[in-house]
Amino acid sequence: MQLWAFRAGDRIEGSPVVCGDLVCFGSHDGCLYAVQAHSGELAWKFETRDPVRGSALATAGVVYFASNDRFLYGIDANTGKDVWRYRAPHETISSPALADGVLYFGGADIGKRV
């Protein structure tokens, strides 16, 4: 049984992440959306300049995600406000992961050796 549906401005490629009573997901329209888990109503959206292709990561009230605009963002889950960002040297197209206080992500630097 479908409880609700939400229409983003473009296609959604990443998996949703639940943060408290919110469901968060990115879209090719360049936005990270947070909708109410019980109703599907928009709580907030955060706009970037380029598509959000991967899944977000939610931890300690912050939603982390990457955008093709070369930024990795940390958004306050309650307010939808930008609380942290990192400018990567290449497009950030993967889903972030967190371990031991370190945030990991992949970029589009194909063919480079480190």
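## Sheet, cysteines and aromatic rings

W84 is partly exposed, with 35% relative accessible area (buried is under 20%, exposed over 50%, partly exposed in between, with a 1.4 Å probe and protein chains only). This is a predicted model, in which local features need pLDDT of at least 70, side-chain atom pairs count only at pLDDT 80 or more, and totals for chains, interfaces and linings use all residues. Residues are numbered from 1 along each chain as its sequence is written, and side-chain values use heavy atoms, with hydrogens and water left out.

**Aromatic pairs**

- Nine aromatic pairs turn up in a search of the whole structure (rings of Phe, Tyr and Trp, the last by its six-membered ring, with centres within 6.5 Å; planes under 30 degrees apart are stacked, over 60 edge-to-face, the rest tilted).
- F6 and F25 make an edge-to-face pair, at 5.8 Å centre to centre with 65 degrees between the planes.
- This pair links distant parts of the chain, 19 residues apart: F6 sits in the segment before β1 and F25 in strand β2 (strands are DSSP runs of E, at least two residues, numbered from the N terminus).
- F6 is partly exposed at 25% relative accessibility, whereas F25 is buried at 7%.
- Y64 and W84 are also edge-to-face, because their ring centres are 5.7 Å apart and their planes stand at 80 degrees.
- Here too the pair links distant parts of the chain, with Y64 in β6 (residues 62-66) and W84 in β8 (residues 82-87), 20 residues apart.
- Y64 is buried, with a relative accessible area of 17%.

**Cluster and charge**

- One aromatic cluster is formed by F46, F65, F71 and Y73.
- R85 lies over the face of F71, 5.2 Å from the ring centre (NZ of Lys or CZ of Arg within 6 Å of the centre and within 35 degrees of the ring normal).

**The sheet**

- An open sheet holds four strands in the order β1-β2-β3-β4, with antiparallel pairing (two strands pair if DSSP finds at least two bridges between them).
- β1 (17-19) and β4 (42-47) are at the edges with a single partner strand each, so one side of each has no neighbour in the sheet.
- Three bridges join β1 to the antiparallel β2 (residues 22-26), and V18 has V23 of β2 as its bridge partner.

**Cysteines**

- The whole structure has zero disulfides (pairs of cysteine sulfur atoms within 2.5 Å).
- C19 is buried at 13% relative accessibility, and C24 is buried at 0%.
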